Each structure stands twice: as C-alpha cells, then as structure tokens.
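Visitor: I have a model open and would like to go through it piece by piece. Can you take my questions as they come?

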Amino acid sequence: MIETKKLVKSFRDGEVFTEVLRGIDFRLESGEYAAIMGRSGAGKSTFLYQISLLDQPTSGEILINGRNTEKMTESEQTRYRLAHFGYVFQDYALLPELSATENVMLPLLMRGLTGKSARAQAEQSLARLGLKKRLHNIPSHLSGGEQQRVSIARAIAHHPKILFADEPTANLDSESSNTIMDIFAELHKEKQTIIMITHELEYAKRAERIITIDDGKIISDKRNSSK
Amino acid sequence: MFSKYSQNVRIGFFLATKSLRRANPWTTGLIIFVMVLTFLNLVVVSGILVGLIEGSIREWHEKFTGDVIISALDDKKYIENSPNLIALVSGFPEIEAVSPRYSEGAVLEANYKTKKETEKPNTAGVQIFGIDPESENNVTGLAAAVTEGEYLSPDDYDEVIIGQFLLSQYVPVEDPNFAALHDVGVGTKIRMTVGSVTREVTVKGIIKSKVDALTRNVFMVDSQFRSMIGRTDGNVDQIAVLLKDGADPVSVREKLKRSGVERFAKVQTYADAQPKFLKDIINTFNMLGAAFSSIGLVVASITIFIVVFINAITRRKFIGIMKGIGIEGSAIRLSYVFQSIFYALVGSIIGLVIVYGFLIPLIDAHPINFPFSDGILVAPLPQTFFRIGLLVFATVIAGFIPAWMIIRKNTLDSILGRN
C-alpha cells in the first residue's frame, strides 16, 4: 500500500549539507501495524513526514496504492491527506479555540459532511474513545491523555486508510499511554493500517512489525512474533 | 455535496466564528473600538466640514429666502404685475405663507447731529427691505432674530430694525469694505437716504443672526418704505415663499413656471438661489474630508494587518496542523477575512448608531457655533454606506495579506516552527 524507493531527504544549512534519509526502501501493506524505532536524530520522524506527504523528499519515490506522489501539487497533497490519512501528533495538536467535538468535526466538515452529520460522527468517535462526557470541553480543560484521545478521535473519525502516529505517548503517563496503545490495538483489529513512531520498546512490541532506523537507513525490519 | 469554493467558505466561517467566540474580549473590544473611531473619522470629519456650509445654507434658506424665492428679472427693476402674481402664488395649495419685499439701496448716517464740519460723516451703504412684518415673520421668523429692542409692527412710523454688523459695537474686526455706524443702539435716530429722499428713522430693534442678508441690512414697514421710494403700483422686488411641510420646492417652482410667472419674474428654489461659491466650498470640503478620512482608513487597515499578522504568526503551528490534517489554505485565509469583516461591520454598526442615533440629533438640536454658521453634521445614508463598503474592503485586504503570508509557508515548517 505504501512503498518507498531509494528515499532520500537532505537539508542544507548554509555550507552544511545533512542527509537525514539515505535511500530508504520500504513497503507497508494495507491493514499492517508498524512501529518505527530509533535513537533521536536517526531520521524516523523525517521518514514519517515524507510518507505521510507532509514534506517533499529530496529524491526517490513514494507510491501510495501504486500512485507516485512525486508530481502531486501541494493542494492535491492536502486533499489526499484529508481523504486518506489520519494523524496523531506527539503534542496532540488540537486547536485551542475549538471544543473536543469541534476539533473532530473540522476534517469531517472539510470532507463535505453537513454540520449535523459531522457533529454526530464526531461525537460517536469521541464516545468510542471514552470521551462522551468531554464533548464540549476545550483542550485546555482536558488532561494530556484526554487530549491525545481527542486527537485520535479526530484522526480516525473519517475512517482513514492510514493512521500516522508520531510518538503519541511521549507526553503521557504510563496509564494514559497504555490506554492509547489499547486503542491502537483495537483499531488494528479492525484492519486499520497504522504507522507509529515510538521510543518505547514496550509499546513498539504491540505492533506487528518493528522497524528500526539509524543514520537515515532501515537497519532492521522484524515481524513481531507475538502478534 | 458542496463545491470546493463553498466548502472553503463554510470552513472559513466555522473557524472564524469559533475564533471570535473564544477570543479575548478585551482584544476584540479594542479592535472594534479602532474600527468605530475609523468609521467616525470617515463619516464625521467630512460631515462636519460639509455641515459647516450646509448649516449656513440652511440658515439662508430658513431665515431669508424661504423655500422658493421669486425676484425681479435681471433686466427689470422690480417684479411687474406683482399684485396678481402674489394672489396667484397665495392660491397654491402647497403654499404656507408669502412675504412680498421691497428692496432698494440706501445710505445710513449716524451721529450727524454731533458731527463737526471737518469730520467725515459716519455712513454705511445698505440694502433696505420694506416688509409686511407679519408676513415676513410667517415666512422667515424674522422676529426671533431681533434680540435687542423690538420687532416691527404694521403701524410703526419711521422705525427700522437693523442688522448687527452695521453697528460698530458688534463688529469684531473693522473691515474697510463694510462701514459700520458708531454709537447706535435701540432708540438711536439715524438718517436714511434712498435716492434723493432722506428721512430720519429710529432704531427699534437689532437683528442678530449668521445670515449676512439679515445682519448687514435694514428692514422697515413696507408702507413707509413705499412712500420713500415712491412706488405706488404695488410692484415688489422679491417674494419669499414658505411651503407647507412635505411640499417639494422644485415641483412648486415648475408649477409657477408653467403658470407663466417666468414672464414677469425669476423663480428659484432656495437651492437654486445659493451662491455658487457655497456649492464650490461644499465640493472642496468633501474632497478635504475624503483626504482626512483616507488617513483613518490607512490606520485602520494597518491595525487589522498587525492584529491578523500577530494572530496568524502566533498560531502558525496550528495553521500548519490544520493544513496537515487536510484543511485547505484558502479556507484558513477566509477565516481571517471573515474575522476582519466582522470587526469592520461591528465597528460600522456601532458607528452608525453613534452617528444617526446620537450625534446627528444632538448637533441638529445644538448646532456647532461657528462664526459664520450654525454647523450641523451632514451624513447622507448612501454616502455613509459607500464609506462602510470602503472600510470593509480595506479591512478585508488588510486581513487577507498577512494571513496569506503566513499560510503559504511550508506545512511541515509551520508545524515544527521552523523558519
């Protein structure tokens, strides 16, 4: 479903030229749950940004469902992300002036749902994540764990083909982190494709594939035998 | 379900309403306050400038010409066939009152009894109006302008009322073009010469007004004046006409013309009779007002620009996130445009209430006391709405540009806060 060929991403800062991704070949099938691990600066977040179309690679190819994304305009990429991707960010990335429901509604409205349908779908998504009593709270009135669950509700409300999660438990305590991991496990059971970056081996082990990146290259790609 | 454009409008509106609802009320209040000030600057500055002249025109209209003024043809000394004309005009159903006036140039002289032979006579050239006191008062309310002494009565004999600027004590700065009489007040006898006829008259009252035609001239009872100028045929020089409430001066003027009045006299509405320089001044003041207002407009635009720029730059991360999850940049830009429109419209609505609900009635009731007119605030609604349109347009542009500058930045750079 997602495939990269010789994916390279480099940055130039004045005279300094840094190659963060150095020719990554990668393939993820529909319905897979992959955890990407690696030390800080290894290039895992950069890799996620490339395959989730938030950034443009320096060279190489990204194919999603066989479509080469190289020639997509920014606007096409935006529409593609809206239609097919869901994102969970490390710092929740909720809009502070919107309530939990409104945060989840936003991409649904953008997809053309009426206000009423968007609200109903958003509330359903939030209820599924145990936030039925927090529908009208703004992010600052929610705990970190609750905010991350709102973020997940927003990411899955429109049934995306792929869910990208960038260290979703980094700012959470262990109880909240486990809740988030349970949610991901449940989503995976429903055949949701998930790519998650994590530093925690304990959480990575809950995925069916564990990919390790170091120095801009995939150094290991193992099937989790317990899954 | 929705086209891409209407979709973006919908999302833009959704984001704008949420942003405004949860914005800091003090910040919102301050921005709206700036918009109100801008609106007032747009409408009131030129409104006062034009009102200064409009006030003068209004005084001239109400206190001298009436709604319609009939005067002698340019090549005639007086209005021929005046008695029939007055009868015709008085018979029109739109007419409330008419005041026929005789008018002739004259020289006034004061202090002639105490003047030494070597001294220059204290004289002033004036226009004398012979009026029927009651009719004149019905048309122009002249009695109210007599603030010292008394107004004329029909049976007054050799008595006049005199404009304040013919008396030196009321002239703030001596003007070599307008001579004034010294030591003349109510009860003083002065000498009045019309052509070859000289008569001694007593000052019965002093007219104080901001209308030159009243303050630089003299009024006396028509029967007295007729005997001085030797006119016995009843032909007058002017007829001031007051219309009933709601009657249109232009249609009355046209009706008079159709009745054949034009053969004997010139028929003008009060607006036709305005001196051209007043119309020119109004145009000039309108231009000046527009120039001052445009400065206000620029200030308002800069305010909105700064507010939106700061808002967008501090929310750059969230803008990046929105783009990241698939919200179109144009929808986010529209949210800023809608917020700008909101500020401009709310500011304008409050400004409208202040101007039309408070300032105009207040200034109408208590006109601004300018030396040559009682200034009013002139703000015709179509012009005001045009200015609101200008304000909204300027703020839309001022809101759009900074939003566009921030939103067009790379999505990931915005999310990560990279430059």
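Guide: Eighteen is the place to start: the contact takes 18 residues from chain A and 19 residues from chain B. Keep in mind that this is a predicted model.

Visitor: Which helices of chain A each supply at least two residues of the side that touches chain B?

Guide: α2 (74–84) and α3 (100–110) of chain A do. The largest share comes from α3(A), with five residues.

Visitor: And how many nonpolar, polar and charged residues does the side of chain A that touches chain B have?

Guide: That side has 11 nonpolar, two polar and five charged residues.

Visitor: Moving to chain B. How is it divided into domains?

Guide: Chain B has domain 1 (4–60 + 277–416) and domain 2 (67–269). The C-alpha centres of these two domains of chain B lie 51 Å apart.

Visitor: I'm looking at α2 and α9 in chain B. At what angle do their axes cross?

Guide: Roughly 175°, and the axes come within 9 Å. Here α2(B) is residues 25–65 and α9(B) is residues 276–314. Angles over 145 degrees count as roughly antiparallel, so α2(B) is roughly antiparallel to α9(B).

Visitor: What about A290 in chain B, where is that?

Guide: A290(B) is in helix α9 of chain B. It is partly exposed, with 15 other C-beta atoms within 10 Å. The C-alpha atoms of A290(B) and R387(B) are separated by 9.7 Å, although the two residues are 97 apart along the chain.

Visitor: Now the core. How many residues are in the largest nonpolar core?

Guide: The largest nonpolar core has 181 residues, and those with the most contacts inside it are I36(A) and L108(B). Helix α2(B) gives the largest share of this core, 15 residues. Domain 1 and domain 2 of chain B each provide at least three residues of the core.

Visitor: What is L108(B) in contact with, leaving aside its neighbours within four places in sequence?

Guide: Its contacts are T123(B), A124(B), V126(B), L166(B), L181(B), I190(B), M192(B) and V218(B).

Visitor: Is Y92(A) buried or exposed?

Guide: Y92(A) has 23 other C-beta atoms within 10 Å. The cut-off for buried is 20 or more, so Y92(A) is buried.

Visitor: And N81 in chain B, what is its phi?

Guide: N81(B) has a positive phi of about 65° and is not a glycine. N81(B) is found in the loop between β1 (68–72) and α3 (82–90) of chain B. With 15 C-beta neighbours inside 10 Å, N81(B) counts as partly exposed.

Visitor: Last one: where is D182(A)?

Guide: D182(A) is in helix α6 (residues 174–189) of chain A. D182(A) is exposed, with 11 other C-beta atoms within 10 Å. The C-alpha atoms of D182(A) and Y203(A) are separated by 9.9 Å, and the two residues are 21 apart along the chain.

Methods. Residues are numbered from 1 along each chain as its sequence is written. Chains are lettered from A and ligands numbered from 1 in the order in which they are written. This is a predicted model: local features need pLDDT of at least 70, side-chain atom pairs count only at pLDDT 80 or more; totals for chains, interfaces and linings use all residues. Two residues are in contact if their C-beta atoms, placed from the backbone, lie within 7 Å. Helices (H or I, at least four residues) and strands (E, at least two) are DSSP runs, numbered from the N terminus. Ala, Val, Leu, Ile, Met, Phe, Trp, Tyr, Cys and Pro count as nonpolar, Asp, Glu, Lys and Arg as charged, and the others, Gly among them, as polar. Axes are lines fitted to C-alpha atoms, for helices over the stretch in contact, and angles run from 0 to 180 degrees between N-to-C directions. Angles under 35 degrees count as roughly parallel, over 145 as roughly antiparallel, 65 to 115 as roughly perpendicular and the rest as oblique. A nonpolar core is a set of buried Ala, Val, Leu, Ile, Met, Phe, Trp, Tyr and Cys residues joined through C-beta atoms within 7 Å. A residue is buried if 20 or more other C-beta atoms lie within 10 Å of its own, exposed if 12 or fewer, and partly exposed in between; C-beta atoms are placed from the backbone. Domain bounds come from an automatic or database domain assignment.
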